[in-house]
Amino acid sequence: MASPFSGVLQLTDLDDYIGPSQDCVKPIKVEKKPGKTAAKIRIEDDGSYFQINQDGGAQKLEKAKITLNDCLACSGCITSAESVLITQQSHEELSKVLSSNKTAAPNQQKLVIVSVSPQSRASLAARFKMTPLETTKKLTAFLKNLGVHYVFDTTFSRNFSLLESQREFVRRFQRQTEDKKALPMLASACPGWICYAEKTHGSFVIPYISTTKSPQQVMGSLIKGHFAKQQHFSPDHTYHVTVMPCYDKKLEASRSDFFSQEYQTREVDCVITTGEVLRLLEQKGVSLSDVDSAPLDTMFSSVSEEELLGHSGGGSGGYLEHIYKYAAKELFGIQVDEVQYKPLKNKDFQEVTLEKDGTVLLQFALAYGFRNIQNLVQKLKRGKSPYHYVEVMACPSGCLNGGGQIRAEGESSKDLLQEVEKLYESVKTEIPERNLTVQELYEQWLGGTNSEKAGKMLHTEYHAVEKMNSGFNIKW
(Lines give C-alpha, C1' and ligand atoms only; values in the text may rest on other atoms or scores of the structure.)
Protein backbone atom coordinates (compact mmCIF):
# COMPACT_ATOMS: atom_id res chain seq x y z
CA MET A 1 0.00 0.00 0.00
CA ALA A 2 1.16 3.55 -0.69
CA SER A 3 2.59 5.69 2.09
CA PRO A 4 0.06 7.31 4.46
CA PHE A 5 -0.91 10.76 3.23
CA SER A 6 -0.89 13.07 6.28
CA GLY A 7 -0.88 16.02 3.93
CA VAL A 8 2.06 14.71 1.93
CA LEU A 9 1.63 13.26 -1.53
CA GLN A 10 4.25 10.71 -2.38
CA LEU A 11 3.81 10.47 -6.11
CA THR A 12 4.70 6.82 -6.21
CA ASP A 13 6.20 4.20 -3.95
CA LEU A 14 7.04 1.88 -6.83
CA ASP A 15 10.60 2.76 -7.88
CA ASP A 16 9.68 5.76 -9.98
CA TYR A 17 7.67 4.92 -13.03
CA ILE A 18 8.91 8.19 -14.47
CA GLY A 19 12.56 8.79 -13.77
CA PRO A 20 13.38 12.34 -12.69
CA SER A 21 15.41 14.31 -15.21
CA GLN A 22 16.44 16.75 -12.50
CA ASP A 23 15.77 17.27 -8.82
CA CYS A 24 12.82 19.34 -7.64
CA VAL A 25 13.69 23.04 -7.93
CA LYS A 26 11.81 23.89 -4.71
CA PRO A 27 13.04 21.34 -2.17
CA ILE A 28 13.82 23.77 0.65
CA LYS A 29 12.90 27.21 1.85
CA VAL A 30 15.79 29.65 2.24
CA GLU A 31 15.25 33.03 3.93
CA LYS A 32 16.91 35.67 1.75
CA LYS A 33 18.42 38.70 3.44
CA PRO A 34 19.87 41.72 1.59
CA GLY A 35 23.61 41.99 1.50
CA LYS A 36 24.26 38.35 2.30
CA THR A 37 26.39 36.14 0.12
CA ALA A 38 25.05 32.83 -1.22
CA ALA A 39 24.33 30.33 1.52
CA LYS A 40 25.92 26.91 1.74
CA ILE A 41 23.57 23.99 2.21
CA ARG A 42 24.43 20.80 4.12
CA ILE A 43 22.31 17.68 3.73
CA GLU A 44 22.20 15.32 6.71
CA ASP A 45 21.93 11.52 6.52
CA ASP A 46 18.24 11.72 7.43
CA GLY A 47 17.58 14.00 4.44
CA SER A 48 17.18 17.23 6.42
CA TYR A 49 18.76 20.44 5.11
CA PHE A 50 20.90 22.91 7.07
CA GLN A 51 22.00 26.38 5.97
CA ILE A 52 25.61 27.08 6.98
CA ASN A 53 26.12 30.72 7.88
CA GLN A 54 29.34 32.70 7.43
CA ASP A 55 30.11 32.35 11.13
CA GLY A 56 29.89 28.55 10.82
CA GLY A 57 26.53 28.30 12.57
CA ALA A 58 23.92 25.94 11.15
CA GLN A 59 20.22 26.62 10.72
CA LYS A 60 17.73 23.87 9.86
CA LEU A 61 15.65 24.67 6.80
CA GLU A 62 11.97 23.88 6.39
CA LYS A 63 10.75 22.06 3.32
CA ALA A 64 9.01 24.49 1.00
CA LYS A 65 5.31 23.91 0.62
CA ILE A 66 4.50 23.65 -3.05
CA THR A 67 1.20 23.24 -4.82
CA LEU A 68 0.46 20.91 -7.70
CA ASN A 69 0.46 23.99 -9.93
CA ASP A 70 4.07 24.60 -8.90
CA CYS A 71 4.81 21.01 -9.79
CA LEU A 72 3.27 21.33 -13.25
CA ALA A 73 5.08 24.61 -13.94
CA CYS A 74 8.43 23.11 -12.98
CA SER A 75 10.61 21.52 -15.63
CA GLY A 76 12.24 19.21 -13.13
CA CYS A 77 11.21 15.79 -11.99
CA ILE A 78 7.97 14.25 -13.20
CA THR A 79 7.19 11.46 -10.79
CA SER A 80 9.88 10.80 -8.21
CA ALA A 81 10.04 9.18 -4.82
CA GLU A 82 10.41 12.66 -3.28
CA SER A 83 7.40 13.85 -1.28
CA VAL A 84 5.47 16.76 -2.76
CA LEU A 85 3.43 18.72 -0.24
CA ILE A 86 -0.08 19.57 -1.36
CA THR A 87 -3.17 21.03 0.23
CA GLN A 88 -6.18 20.23 -1.93
CA GLN A 89 -5.73 16.69 -3.23
CA SER A 90 -6.33 14.17 -0.46
CA HIS A 91 -9.06 12.20 1.27
CA GLU A 92 -8.60 14.56 4.21
CA GLU A 93 -9.73 17.47 2.07
CA LEU A 94 -12.84 15.51 1.04
CA SER A 95 -13.58 14.87 4.72
CA LYS A 96 -13.28 18.61 5.44
CA VAL A 97 -15.77 19.51 2.71
CA LEU A 98 -18.25 16.88 3.89
CA SER A 99 -17.88 18.07 7.49
CA SER A 100 -18.35 21.71 6.46
CA ASN A 101 -21.49 20.79 4.50
CA LYS A 102 -23.14 19.40 7.63
CA THR A 103 -22.92 22.71 9.49
CA ALA A 104 -23.30 25.15 6.58
CA ALA A 105 -26.50 27.06 5.86
CA PRO A 106 -28.58 25.41 3.09
CA ASN A 107 -27.61 28.03 0.51
CA GLN A 108 -23.91 27.54 1.32
CA GLN A 109 -23.84 23.75 1.05
CA LYS A 110 -22.05 22.16 -1.87
CA LEU A 111 -23.29 19.40 -4.15
CA VAL A 112 -20.74 16.61 -3.60
CA ILE A 113 -20.22 14.05 -6.38
CA VAL A 114 -17.73 11.17 -6.47
CA SER A 115 -16.81 9.51 -9.78
CA VAL A 116 -15.14 6.11 -9.34
CA SER A 117 -12.80 4.56 -11.92
CA PRO A 118 -13.37 0.89 -12.87
CA GLN A 119 -9.70 0.16 -12.08
CA SER A 120 -10.17 1.36 -8.48
CA ARG A 121 -13.37 -0.63 -8.19
CA ALA A 122 -11.53 -3.81 -9.25
CA SER A 123 -8.74 -3.16 -6.73
CA LEU A 124 -11.26 -2.70 -3.89
CA ALA A 125 -13.16 -5.81 -5.01
CA ALA A 126 -9.94 -7.85 -4.83
CA ARG A 127 -9.11 -6.54 -1.34
CA PHE A 128 -12.56 -7.29 0.11
CA LYS A 129 -13.15 -10.46 -1.95
CA MET A 130 -16.37 -9.24 -3.52
CA THR A 131 -17.74 -8.92 -7.05
CA PRO A 132 -17.41 -5.55 -8.79
CA LEU A 133 -21.19 -5.04 -8.50
CA GLU A 134 -21.20 -5.74 -4.73
CA THR A 135 -18.21 -3.44 -4.33
CA THR A 136 -19.92 -0.62 -6.23
CA LYS A 137 -23.15 -0.87 -4.21
CA LYS A 138 -21.34 -0.94 -0.88
CA LEU A 139 -18.93 1.85 -1.84
CA THR A 140 -21.93 3.94 -2.93
CA ALA A 141 -23.55 3.33 0.47
CA PHE A 142 -20.34 4.15 2.39
CA LEU A 143 -19.76 7.41 0.52
CA LYS A 144 -23.39 8.50 0.86
CA ASN A 145 -23.28 7.78 4.59
CA LEU A 146 -20.39 10.26 4.74
CA GLY A 147 -22.52 12.92 3.01
CA VAL A 148 -21.78 12.42 -0.70
CA HIS A 149 -24.85 13.12 -2.84
CA TYR A 150 -24.10 11.14 -6.03
CA VAL A 151 -21.66 8.35 -6.94
CA PHE A 152 -20.92 7.84 -10.63
CA ASP A 153 -18.66 5.60 -12.72
CA THR A 154 -15.99 6.94 -15.10
CA THR A 155 -16.65 3.98 -17.40
CA PHE A 156 -19.55 6.12 -18.56
CA SER A 157 -17.40 9.14 -19.43
CA ARG A 158 -14.88 6.83 -21.09
CA ASN A 159 -17.51 6.24 -23.77
CA PHE A 160 -16.96 9.84 -24.87
CA SER A 161 -13.16 9.47 -24.71
CA LEU A 162 -13.25 6.36 -26.88
CA LEU A 163 -15.67 7.83 -29.43
CA GLU A 164 -13.71 11.08 -29.72
CA SER A 165 -10.40 9.18 -30.02
CA GLN A 166 -11.84 7.04 -32.82
CA ARG A 167 -12.99 10.05 -34.82
CA GLU A 168 -9.79 11.97 -34.18
CA PHE A 169 -7.67 9.09 -35.44
CA VAL A 170 -9.64 8.83 -38.70
CA ARG A 171 -9.28 12.59 -39.29
CA ARG A 172 -5.54 12.39 -38.66
CA PHE A 173 -5.16 9.36 -40.93
CA GLN A 174 -6.95 11.16 -43.75
CA ARG A 175 -4.69 14.23 -43.52
CA GLN A 176 -1.37 12.41 -43.03
CA THR A 177 -0.12 13.35 -46.52
CA GLU A 178 -0.22 17.11 -45.85
CA ASP A 179 0.46 16.91 -42.10
CA LYS A 180 3.63 14.99 -41.37
CA LYS A 181 2.91 15.02 -37.62
CA ALA A 182 -0.66 13.72 -37.86
CA LEU A 183 0.57 10.17 -37.26
CA PRO A 184 1.35 8.25 -35.21
CA MET A 185 -1.41 9.40 -32.89
CA LEU A 186 -0.33 8.83 -29.31
CA ALA A 187 -2.85 8.17 -26.51
CA SER A 188 -3.52 11.01 -24.08
CA ALA A 189 -5.37 9.38 -21.15
CA CYS A 190 -2.24 8.87 -19.00
CA PRO A 191 -1.15 12.09 -17.22
CA GLY A 192 2.23 10.65 -16.25
CA TRP A 193 3.03 10.18 -19.92
CA ILE A 194 1.69 13.66 -20.76
CA CYS A 195 3.86 15.31 -18.08
CA TYR A 196 6.90 13.44 -19.33
CA ALA A 197 6.15 14.37 -22.95
CA GLU A 198 5.65 18.07 -22.19
CA LYS A 199 8.72 18.41 -20.01
CA THR A 200 11.18 16.10 -21.72
CA HIS A 201 10.27 16.19 -25.43
CA GLY A 202 8.08 19.29 -25.60
CA SER A 203 7.25 20.72 -29.00
CA PHE A 204 8.64 17.69 -30.83
CA VAL A 205 6.18 15.13 -29.46
CA ILE A 206 3.13 17.28 -28.59
CA PRO A 207 1.67 17.38 -32.14
CA TYR A 208 1.43 13.57 -32.12
CA ILE A 209 -0.59 13.40 -28.88
CA SER A 210 -4.34 12.92 -29.10
CA THR A 211 -6.26 16.01 -27.99
CA THR A 212 -9.10 13.92 -26.53
CA LYS A 213 -9.65 14.39 -22.80
CA SER A 214 -9.26 11.46 -20.42
CA PRO A 215 -12.39 9.90 -18.86
CA GLN A 216 -11.63 11.75 -15.61
CA GLN A 217 -11.67 15.14 -17.31
CA VAL A 218 -14.64 14.33 -19.56
CA MET A 219 -16.55 13.48 -16.39
CA GLY A 220 -15.36 16.79 -14.96
CA SER A 221 -16.79 18.66 -17.96
CA LEU A 222 -20.03 16.70 -17.72
CA ILE A 223 -20.48 17.30 -13.98
CA LYS A 224 -19.50 20.98 -13.84
CA GLY A 225 -20.80 21.97 -17.28
CA HIS A 226 -24.09 20.06 -17.38
CA PHE A 227 -25.17 18.03 -14.37
CA ALA A 228 -24.59 20.79 -11.79
CA LYS A 229 -26.90 23.14 -13.68
CA GLN A 230 -29.54 20.42 -13.93
CA GLN A 231 -29.39 20.15 -10.14
CA HIS A 232 -29.63 23.97 -9.81
CA PHE A 233 -26.09 24.31 -8.47
CA SER A 234 -23.43 26.58 -9.94
CA PRO A 235 -20.14 24.89 -10.87
CA ASP A 236 -18.35 26.62 -7.98
CA HIS A 237 -20.89 25.18 -5.53
CA THR A 238 -20.33 21.68 -6.87
CA TYR A 239 -17.50 19.62 -5.38
CA HIS A 240 -16.39 16.87 -7.74
CA VAL A 241 -14.10 14.08 -6.52
CA THR A 242 -12.67 11.21 -8.54
CA VAL A 243 -11.28 7.91 -7.27
CA MET A 244 -8.32 6.88 -9.41
CA PRO A 245 -5.68 4.10 -9.58
CA CYS A 246 -2.81 6.54 -9.95
CA TYR A 247 -1.32 9.57 -8.21
CA ASP A 248 -0.58 11.34 -11.49
CA LYS A 249 -4.32 11.91 -11.94
CA LYS A 250 -3.95 14.53 -9.20
CA LEU A 251 -1.57 16.40 -11.47
CA GLU A 252 -4.00 16.11 -14.38
CA ALA A 253 -6.89 17.60 -12.37
CA SER A 254 -4.62 20.53 -11.40
CA ARG A 255 -3.80 21.57 -14.96
CA SER A 256 -4.78 25.16 -15.75
CA ASP A 257 -6.52 23.89 -18.90
CA PHE A 258 -9.15 22.29 -16.67
CA PHE A 259 -9.87 25.39 -14.60
CA SER A 260 -12.91 27.61 -15.22
CA GLN A 261 -11.94 31.28 -15.05
CA GLU A 262 -15.62 32.26 -15.10
CA TYR A 263 -16.51 30.26 -11.98
CA GLN A 264 -13.03 30.01 -10.45
CA THR A 265 -13.34 26.25 -10.07
CA ARG A 266 -11.74 23.09 -11.40
CA GLU A 267 -13.54 20.42 -13.41
CA VAL A 268 -12.27 17.94 -10.83
CA ASP A 269 -11.77 19.47 -7.40
CA CYS A 270 -10.08 16.54 -5.68
CA VAL A 271 -8.57 13.23 -6.77
CA ILE A 272 -8.15 10.44 -4.25
CA THR A 273 -6.48 7.13 -4.96
CA THR A 274 -7.84 3.65 -4.31
CA GLY A 275 -5.42 3.38 -1.40
CA GLU A 276 -6.86 6.55 0.11
CA VAL A 277 -10.37 5.10 -0.04
CA LEU A 278 -9.02 2.16 1.96
CA ARG A 279 -7.52 4.58 4.49
CA LEU A 280 -10.83 6.43 4.69
CA LEU A 281 -12.57 3.14 5.48
CA GLU A 282 -9.93 2.33 8.12
CA GLN A 283 -10.27 5.77 9.71
CA LYS A 284 -14.02 5.22 10.05
CA GLY A 285 -13.43 1.71 11.44
CA VAL A 286 -15.41 0.18 8.60
CA SER A 287 -14.82 -2.89 6.43
CA LEU A 288 -16.40 -2.38 3.01
CA SER A 289 -17.71 -5.95 3.03
CA ASP A 290 -19.78 -5.14 6.17
CA VAL A 291 -21.48 -2.08 4.66
CA ASP A 292 -25.11 -2.50 3.56
CA SER A 293 -25.59 -2.14 -0.19
CA ALA A 294 -27.24 0.92 -1.69
CA PRO A 295 -28.95 1.41 -5.07
CA LEU A 296 -26.64 2.69 -7.78
CA ASP A 297 -26.89 6.16 -9.30
CA THR A 298 -27.49 5.12 -12.90
CA MET A 299 -27.60 8.53 -14.59
CA PHE A 300 -23.85 8.69 -15.36
CA SER A 301 -22.92 5.10 -14.64
CA SER A 302 -22.48 2.17 -17.00
CA VAL A 303 -25.15 -0.13 -15.61
CA SER A 304 -27.70 -2.32 -17.38
CA GLU A 305 -30.43 -4.02 -15.34
CA GLU A 306 -28.33 -4.46 -12.19
CA GLU A 307 -25.29 -5.41 -14.26
CA LEU A 308 -22.13 -3.31 -14.51
CA LEU A 309 -20.74 -2.57 -17.95
CA GLY A 310 -17.17 -2.04 -19.07
CA HIS A 311 -15.11 -1.86 -22.25
CA SER A 312 -13.06 -4.50 -24.01
CA GLY A 313 -9.38 -4.07 -24.73
CA GLY A 314 -7.60 -4.35 -21.38
CA GLY A 315 -7.35 -2.54 -18.07
CA SER A 316 -6.12 0.80 -19.42
CA GLY A 317 -9.32 1.73 -21.23
CA GLY A 318 -9.19 -0.25 -24.46
CA TYR A 319 -8.18 2.69 -26.64
CA LEU A 320 -6.10 0.66 -29.10
CA GLU A 321 -8.82 -1.94 -29.61
CA HIS A 322 -11.70 0.50 -30.11
CA ILE A 323 -9.77 2.81 -32.45
CA TYR A 324 -8.40 -0.15 -34.42
CA LYS A 325 -11.81 -1.71 -35.02
CA TYR A 326 -13.40 1.63 -35.88
CA ALA A 327 -10.60 2.66 -38.27
CA ALA A 328 -10.58 -0.73 -40.01
CA LYS A 329 -14.29 -0.37 -40.75
CA GLU A 330 -14.36 3.36 -41.45
CA LEU A 331 -11.22 3.60 -43.60
CA PHE A 332 -11.07 0.18 -45.28
CA GLY A 333 -14.53 -1.38 -44.86
CA ILE A 334 -13.04 -4.29 -42.90
CA GLN A 335 -14.98 -5.73 -39.97
CA VAL A 336 -12.64 -6.79 -37.16
CA ASP A 337 -14.29 -8.95 -34.50
CA GLU A 338 -11.22 -9.96 -32.52
CA VAL A 339 -7.90 -8.15 -32.18
CA GLN A 340 -4.77 -10.32 -32.34
CA TYR A 341 -1.89 -8.95 -30.25
CA LYS A 342 1.72 -9.81 -31.03
CA PRO A 343 4.08 -9.40 -28.01
CA LEU A 344 7.51 -8.07 -28.94
CA LYS A 345 10.36 -7.64 -26.41
CA ASN A 346 7.97 -7.94 -23.46
CA LYS A 347 4.26 -8.11 -22.65
CA ASP A 348 4.21 -4.34 -22.15
CA PHE A 349 5.04 -3.74 -25.80
CA GLN A 350 2.69 -5.40 -28.27
CA GLU A 351 1.71 -4.85 -31.89
CA VAL A 352 -1.52 -5.20 -33.83
CA THR A 353 -1.45 -5.22 -37.64
CA LEU A 354 -4.22 -5.07 -40.25
CA GLU A 355 -3.17 -6.53 -43.59
CA LYS A 356 -4.91 -7.07 -46.90
CA ASP A 357 -3.31 -8.92 -49.81
CA GLY A 358 0.11 -8.64 -48.17
CA THR A 359 -0.18 -4.86 -47.68
CA VAL A 360 -0.11 -3.37 -44.18
CA LEU A 361 -3.10 -1.08 -43.81
CA LEU A 362 -2.87 -0.31 -40.10
CA GLN A 363 -0.13 -0.93 -37.56
CA PHE A 364 -0.90 -0.18 -33.91
CA ALA A 365 1.07 -0.78 -30.72
CA LEU A 366 0.70 -0.51 -26.97
CA ALA A 367 3.66 0.74 -24.95
CA TYR A 368 3.45 0.52 -21.16
CA GLY A 369 6.19 1.63 -18.76
CA PHE A 370 8.82 4.23 -19.45
CA ARG A 371 11.47 1.97 -20.86
CA ASN A 372 9.13 1.13 -23.72
CA ILE A 373 7.95 4.74 -24.01
CA GLN A 374 11.51 6.03 -24.27
CA ASN A 375 12.27 3.48 -27.00
CA LEU A 376 9.13 4.59 -28.83
CA VAL A 377 10.05 8.27 -28.68
CA GLN A 378 13.60 7.57 -29.86
CA LYS A 379 12.25 5.67 -32.87
CA LEU A 380 9.92 8.57 -33.57
CA LYS A 381 12.81 11.05 -33.46
CA ARG A 382 14.81 8.91 -35.90
CA GLY A 383 11.83 8.61 -38.23
CA LYS A 384 11.81 4.84 -37.69
CA SER A 385 8.38 4.40 -36.06
CA PRO A 386 6.12 2.21 -38.23
CA TYR A 387 2.97 2.82 -36.17
CA HIS A 388 -0.21 4.69 -36.91
CA TYR A 389 -1.40 4.67 -33.28
CA VAL A 390 0.18 3.84 -29.92
CA GLU A 391 -1.66 3.31 -26.62
CA VAL A 392 0.84 4.83 -24.19
CA MET A 393 0.66 4.26 -20.42
CA ALA A 394 3.30 5.19 -17.83
CA CYS A 395 2.81 2.23 -15.50
CA PRO A 396 4.16 -1.24 -16.31
CA SER A 397 1.11 -3.50 -16.89
CA GLY A 398 -1.03 -0.37 -17.34
CA CYS A 399 -3.60 1.35 -15.14
CA LEU A 400 -4.64 -1.71 -13.11
CA ASN A 401 -1.10 -1.63 -11.70
CA GLY A 402 -1.19 2.11 -10.96
CA GLY A 403 0.79 3.51 -8.04
CA GLY A 404 -2.40 4.43 -6.20
CA GLN A 405 -3.88 0.94 -6.19
CA ILE A 406 -4.12 -1.16 -3.01
CA ARG A 407 -0.85 -3.02 -2.49
CA ALA A 408 -0.51 -6.73 -1.82
CA GLU A 409 -0.60 -8.04 1.75
CA GLY A 410 0.15 -11.70 2.37
CA GLU A 411 0.30 -12.52 -1.33
CA SER A 412 2.60 -11.71 -4.21
CA SER A 413 2.06 -8.53 -6.21
CA LYS A 414 1.80 -10.64 -9.34
CA ASP A 415 -1.01 -12.79 -7.89
CA LEU A 416 -2.89 -9.69 -6.73
CA LEU A 417 -2.58 -8.03 -10.14
CA GLN A 418 -3.92 -11.17 -11.82
CA GLU A 419 -6.91 -11.15 -9.45
CA VAL A 420 -7.57 -7.47 -10.11
CA GLU A 421 -7.37 -8.10 -13.87
CA LYS A 422 -9.80 -11.02 -13.55
CA LEU A 423 -12.32 -8.91 -11.62
CA TYR A 424 -11.93 -5.97 -14.00
CA GLU A 425 -12.60 -8.19 -17.01
CA SER A 426 -15.54 -9.99 -15.35
CA VAL A 427 -18.02 -7.23 -16.17
CA LYS A 428 -20.06 -7.31 -19.36
CA THR A 429 -18.62 -5.12 -22.15
CA GLU A 430 -20.51 -2.41 -23.98
CA ILE A 431 -19.96 -0.71 -27.35
CA PRO A 432 -19.73 3.08 -26.95
CA GLU A 433 -21.65 3.76 -30.17
CA ARG A 434 -24.67 1.91 -28.78
CA ASN A 435 -24.96 3.80 -25.50
CA LEU A 436 -28.23 5.71 -25.85
CA THR A 437 -27.54 8.07 -22.92
CA VAL A 438 -24.24 9.10 -24.53
CA GLN A 439 -26.06 9.74 -27.84
CA GLU A 440 -28.64 11.89 -26.04
CA LEU A 441 -25.95 13.88 -24.24
CA TYR A 442 -24.15 14.59 -27.52
CA GLU A 443 -27.35 16.28 -28.70
CA GLN A 444 -28.72 17.83 -25.48
CA TRP A 445 -25.47 18.87 -23.81
CA LEU A 446 -23.04 19.34 -26.69
CA GLY A 447 -25.27 20.22 -29.64
CA GLY A 448 -24.04 17.38 -31.87
CA THR A 449 -20.97 15.20 -32.34
CA ASN A 450 -18.93 17.70 -34.33
CA SER A 451 -20.13 20.89 -32.65
CA GLU A 452 -17.86 23.65 -31.38
CA LYS A 453 -19.02 22.88 -27.84
CA ALA A 454 -18.10 19.19 -28.22
CA GLY A 455 -14.61 20.28 -29.24
CA LYS A 456 -14.33 22.54 -26.20
CA MET A 457 -15.77 20.10 -23.64
CA LEU A 458 -14.14 16.87 -24.87
CA HIS A 459 -10.72 18.03 -26.11
CA THR A 460 -7.71 19.84 -24.65
CA GLU A 461 -4.22 21.03 -25.60
CA TYR A 462 -0.67 20.55 -24.32
CA HIS A 463 2.20 22.87 -23.53
CA ALA A 464 5.92 22.42 -23.88
CA VAL A 465 7.65 23.28 -20.58
CA GLU A 466 10.97 25.04 -20.94
CA LYS A 467 13.76 23.66 -18.81
CA MET A 468 14.92 25.96 -16.05
CA ASN A 469 18.58 26.67 -15.48
CA SER A 470 19.18 26.06 -11.80
CA GLY A 471 21.67 24.41 -9.53
CA PHE A 472 19.30 21.47 -9.25
CA ASN A 473 19.38 20.55 -12.96
CA ILE A 474 20.87 17.17 -12.18
CA LYS A 475 20.83 14.62 -14.98
CA TRP A 476 20.01 11.16 -13.70
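I call a residue buried when its relative accessible area is under 20%, exposed when over 50% and partly exposed in between (1.4 Å probe, protein chains only). Helices (H or I, at least four residues) and strands (E, at least two) are DSSP runs, which I number from the N terminus.

**Entry 1. Ground rules**

This is a predicted model, in which I take local features at pLDDT of at least 70 and side-chain atom pairs only at pLDDT 80 or more, while totals for chains, interfaces and linings use all residues. I number residues from 1 along each chain as its sequence is written, and side-chain values use heavy atoms, with hydrogens and water left out.

**Entry 2. The chain overall**

I looked up the confidence, pLDDT, which is the predictor's own score for each residue from 0 to 100. The chain averages 84, and 82% of the residues score at least 70. In residues 1-30 the model has 121 contacts beyond four places in sequence, where contact means heavy atoms within 4.5 Å. The other stretch is residues 470-476, with 17 such contacts.

I noted 14 helices and 18 strands. Of the 476 residues in the chain, 55% are buried. Among contacts between residues at least 6 apart in sequence, 75% join residues at least 24 apart. The chain exposes about 21800 Å², of which carbon and sulfur atoms supply 48%; the areas come from the Shrake-Rupley method with a 1.4 Å probe, and for residues only the protein chains shown count as cover.

I counted two strands as paired if DSSP finds at least two bridges between them. Strand β14 (residues 342-343) pairs with strand β15 (residues 349-356) in the antiparallel sense over two bridges. Pro343 stands opposite Gln350 in β15, and the hairpin from β14 to β15 passes through five residues.

Next I followed β15 to strand β16 (residues 359-368), an antiparallel pairing over eight bridges. Phe349 stands opposite Ala367 in β16, and the bridge partner of Lys356 is Thr359. This hairpin has two residues between the strands, and Asp357 there takes a positive phi near 55 degrees.

How much of β16 is buried? Eight of its ten residues are, so β16 is largely enclosed by the rest of the structure.

β16 also pairs with strand β17 (residues 389-393), in the parallel sense and over five bridges. Ala367 stands opposite Val392 in β17. From β16 the chain crosses through helix α11 (residues 370-381) to β17, and I recorded this β-α-β crossover as right-handed. That term applies if, with the strands pointing away from the viewer, the path from the first strand over the helix to the second runs clockwise.

**Entry 3. Aromatic pairs**

I searched for pairs among the rings of Phe, Tyr and Trp (its six-membered ring), with centres within 6.5 Å; planes under 30 degrees apart count as stacked, over 60 as edge-to-face and the rest as tilted. The structure holds 19 such pairs.

For Phe160 and Tyr442, the ring centres are 5.1 Å apart and the planes stand at 50 degrees, so I logged the pair as tilted. Phe160 is in helix α5 (residues 154-174) and Tyr442 in helix α13 (residues 436-444), so the pair links distant parts of the chain, 282 residues apart. Both Phe160 and Tyr442 are buried.

For Phe227 and Phe300, the centres are 5.4 Å apart and the planes stand at 75 degrees, so this pair is edge-to-face. Phe227 lies in helix α7 (residues 215-230) and Phe300 in the loop between α9 (274-283) and β13 (309-310), so the pair ties together parts that are 73 residues apart in sequence. Phe227 and Phe300 are buried.

I then traced the cluster that ring pairs build: Tyr150, Phe152, Phe156, Phe160, Phe227, Phe300, Tyr442 and Trp445.

**Entry 4. Thr460**

Thr460 sits in the segment after α14 (452-458). I found Thr460 buried, with a relative accessible area of 14%. Which residues is Thr460 in contact with, leaving aside its neighbours within four places in sequence? They are Thr211, Lys213, Asp257 and Phe258. Thr460 and Lys213 are 247 residues apart in sequence and 6.1 Å apart in space, C-alpha to C-alpha.
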